Amino acid sequence: MKPKRLLGLLLAFMLGLSLLPAAALADGTQSYSYLGVDGPQEVSVDSVTKLTGGADLSLSAGCYVVDSDVTINSLAVTEGTVNLILLDGCTLTVTQDVTVGSAGEGLLAVFCQNGGTGTLKVRNIAASNNSNIYFNGGVISASGSIAAPNGKVYIRWSVPANSVTAASYGANVDFDSPFVINGSKDPALTSDTSAVAGKKLVPAYQVSFDAGEGDGTMGNAYVPASSPSYPLPECTFTPPENMTFDHWEILGDDAGTPVSGTLTLTRQNTPLIAKYKTAQPEPPEGVSWALEDGVLKVNGTGAMEDYGRGGAPWFTRRAEITSVVIESGVNHIGNYAFYACGAIKSVAIRGSGVSVGDRAFSYCAGISSVQASGVASLGEGAFYACFRLTDRGFASGASVGTKAFELCGIGG
């Protein structure tokens, strides 16, 4: 039987139960709540059968509830769909085996309540005759094996208090939710159930990574659901040409939401996709630069490179630059370094003995303030056509090239 068909049968069965009239228990309870495949559900008390202790139980299609500690010898689901609800704090102990499909195709679906502490203890669990078992929650413990030689066993969790333990896992067991070995971040993988045999498995959140426009792979991360904080990792994908990693975004329901720092996980599977930005061009050797909040700072030791018109590495971002700071140690501002960077309003040159190259700030029409008392020389047209510049701010002994201040507010 295919998983989608099984889920359809479960939903249809639960819908039918919800339409039955409710009868009250002695304490006034009219229904049992539990966590179904699509979230919280309720079933009326008169539509369920309470399990009581005994020798061997054979269950046919229907809904059953464990509302106290119950011990039986063996449990067989002969055929049809059996829903078993484990109430919080209650334990069903089967001293021998649980079998599903002994008389034909069957389905056993085990559910828990919000606390997730309802417990099923067994020796072996097996499905045959194309039958299936769905563990949708609870504390499941098998001293022997969980297997489906002629069927399928699906293991998932509903709340962090759930767990599953088995001495071994046989054929056709599928971890349908992420689990990790208790006390670690080592995942339970359907492809290698032998690695988790005999280990207590606890619910986990899985985080997967998509390279987006980049290339490469990053392995899934698993975080115990009891401690859902996850520090986002460094991106190791190869970015597209001339780009660099910028941030992670969540895919799916929260598509387009940037995330950073530590992520608090709330769902079983969280896919992240890498987003990129244009890479900052390599700075000239010996000198580096950074642009942040409109301020372009040039650091380092020695001379900046001389450029042609529009050749500076920050030229493509010139509209972002409102202030320029040349730190001490840089002794030459290259030709055409800030040519036509019209958004610049102020310039601070903090070193001494600095030479300003030809046309270095020409056509920077927005410059109105220059602090440059340590400049030793200005090249030809260094501040040409800086119309708003009214105060040179330079040492009186600096050599000034031709047209250095032509078409400025202070004249040529």
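I began at T262, which sits in strand 24, residues 262-264. Strands here are DSSP runs of E with at least two residues, and helices are runs of H or I with at least four residues, both numbered from the N terminus. The model is predicted: local features need pLDDT of at least 70, side-chain atom pairs count only at pLDDT 80 or more, and totals for chains, interfaces and linings use all residues. Residues are numbered from 1 along each chain as its sequence is written, and side-chain values use heavy atoms, with hydrogens and water left out.

I looked up the neighbours of T262. Leaving out residues up to four places away in sequence, T262 touches S229, Y230 and P231 (contact means heavy atoms within 4.5 Å). I also took the C-alpha separation of T262 and P233, which is 9.3 Å for two residues 29 apart along the chain.

Next I went to the whole chain. I found 1 helix and 35 strands in the protein. The protein is more spread out than a compact globule, because its radius of gyration is 36 Å, well over the 22 Å that the globule rule gives for 412 residues. That radius is taken over C-alpha atoms, and the rule is 2.2 Å times the number of residues to the power 0.38. The C-alpha trace spans about 110 × 45 × 30 Å along its principal axes. Of contacts between residues at least 6 apart in sequence, 45% join residues at least 24 apart.

For burial, I noted that 46% of the 412 residues count as buried (under 20% relative accessible area; exposed is over 50%, partly exposed in between; 1.4 Å probe, protein chains only).

The largest cavity holds about 40 Å³, with volume taken as the space filled by probe spheres set on the points, which are joined across faces, edges and corners. Its lining residues, with an atom within 4 Å of a point, include F135, W157 and F179.

Last, I looked at backbone angles. Most residues other than glycine have a negative phi. N130, in the loop between strand 12 (124-127) and strand 13 (132-135), has a positive phi near 60°. Y336 also has a positive phi, about 60°, and lies in the loop between strand 30 (330-333) and strand 31 (346-349). Is Y336 buried or exposed? Y336 is buried, at 16% relative accessible area.

Note on methods: 1 Å grid on protein atoms, 1.4 Å probe; cavity = no way out; pocket = protein on both sides within 12 Å on 5 of 7 lines; lining within 4 Å.
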